[in-house]
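Dear colleague,

Please find the structure below.

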Amino acid sequence: PDIIDLAKRRNVDAIHPGYGFLSENADFARACEENGITFIGPPSDVLGKMGDKLSAKQIAIDCGVPVVPGCKEPLKSGEEALEKAISFGFPVILKAAAGGGGRGMRLCNAPEEVIPAFELVKSEAKKAFGNDDIFIEKYLVEPKHIEVQILADKYGNVRHLGERDCSLQRRNQKVLEESPSPIMTEDLRRRMGEAAVRAAKACGYANAGTVEFLVDKDLNFYFMEMNARIQVEHPVTEMVTGVDLVKAQINIAAGLPLQYKQEDIKLSGHVIECRINAENPLLDFRPSPGRIKSLFIPGGPGIRVDTAVYQGYEIPPYYDSMIGKLIVHGKNREEAIAKMTWALSEFIVDGVATNVDFQLKLIRRPEFLEGNYDNGFLNRTDILADERSKE
């Protein structure tokens with residue numbers, strides 16, 4: 001209500017919600033619509049459908065997009081969750097239907113874990129999203145997490161802009177993203193892109209969005225969810241395609257048709273993004289709020305840093321620990337890795353702990369250099385084992 005009130009008093013005609021939780025809040029989008037303010041994102045009814053993971057999954061099923069086996073309705077009890085888990089086979093994962101940002105999820109490897117996890121996820125979902133509906137899915141072991149960026153205008157035109165590999169995650173939070181994915185083939189990209197476009201058209205989508213998939217070792221892909229907003233990692237797609245996604249969002253919201261045909265979208269070179277967080281990797285990634293005493297941000301051809309911090313900035317303890325994104329573009333993956341190595345080595349943030357050195361060690365790992373990683377890699381690999389032994 002305060003945002004709407006401020007917008008009306010200042011004669012604001014459009015609001016861009018960024019990529020925080022309000023960007024996928026159907027009530028906020030509806031409030032904008034009811035007050036004659038353009039919400040730069042999907043219509044509120046679409047947000048309602050795609051913001052609920054169960055609803056989004058049903059849309060995917062209806063338009064022939066493969067999905068991970070799981071229940072179609074919210075679970076009523078821990079006992080029902082246990083019954084479903086046994087029928088699907090372990091491991092399984094419990095998820096908040098309204099979840100996002102890696103919250104409201106619990107992996108269960110055995111029957112005795114299901115009922116306690118059900119209560120935990122239900123409580124976390126209510127607290128984080130105001131909606132305690134949860135569901136259960138078969139958990140794919142060691143898949144890749146690959147998402148497809150789409151743009152859709154108000155006239156039914158939908159385009160996909162290739163993929164981002166987001167498999168390097170810690171506790172369901174993305175750490176590093178790249179495009180193209182090391183496992184991608186032209187045929188797989190085409191089929192995943194076409195599936196993403198079908199899902200977007202099926203729900204009447206408009207504006208920028210991302211369709212997220214899990215890909216197994218045999219390159220079978222499964223719909224996971226749709227993020228009905230611009231994402232943190234959107235610069236990866238911007239640099240590899242040359243398309244300004246936020247500009248496209250604004251143009252679409254203003255009623256302009258898409259200016260791209262599908263054949264116009266080409267991936268050029270290779271892009272890697274590292275999320276720079278104010279956290280201490282040696283203390284279990286404990287957030288590190290405080291004052292930035294000195295700051296040096298790398299630059300040069302093919303290097304981009306998205307940040308709002310500066311020397312003297314006070315990082316508050318109340319929000320997500322991400323303070324910036326470092327993105328590099330190279331003519332191929334090897335050049336992109338070399339540029340990222342240099343840029344991370346030059347990135348200096350004094351006064352607070354950051355994950356810069358952690359990212360540097362990560363991109364030097366043989367598994368990363370070979371592209372041989374999945375979404376469980378960081379959960380089972382201690383990147384900082386050598387540093388811990390020194391202490």
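The radius of gyration of the chain is 21 Å, which agrees with the value near 21 Å for a compact globule of 391 residues (taken over C-alpha atoms; the rule is 2.2 Å times the number of residues to the power 0.38). This is a predicted model: local features need pLDDT of at least 70 and side-chain atom pairs pLDDT 80 or more, while totals for chains, interfaces and linings use all residues. Residues are numbered from 1 along each chain as its sequence is written, and side-chain values use heavy atoms, without hydrogens and water.

The C-alpha trace spans about 55 × 50 × 45 Å along its principal axes. There are 14 helices and 19 strands in the chain (DSSP runs numbered from the N terminus: H or I of at least four residues, E of at least two). Of the 391 residues, 50% count as buried (under 20% relative accessible area, 1.4 Å probe, protein chains only).

The second largest pocket holds about 460 Å³ of space (an open set of points on a 1 Å grid over the protein atoms alone, where a 1.4 Å probe fits, with protein on both sides within 12 Å along at least five of seven lines; lining residues have an atom within 4 Å of a point; the volume is that filled by probe spheres set on the points). Its lining has 20 residues, and Glu 24, Asn 25, Ala 26, Gly 51 and Ala 98 lie nearest the centre. Helices H2 (26–34), H3 (44–51) and H6 (114–129) and strand S10 (221–227) each give two or more residues to this lining; H3 gives the most, with four.

Regards
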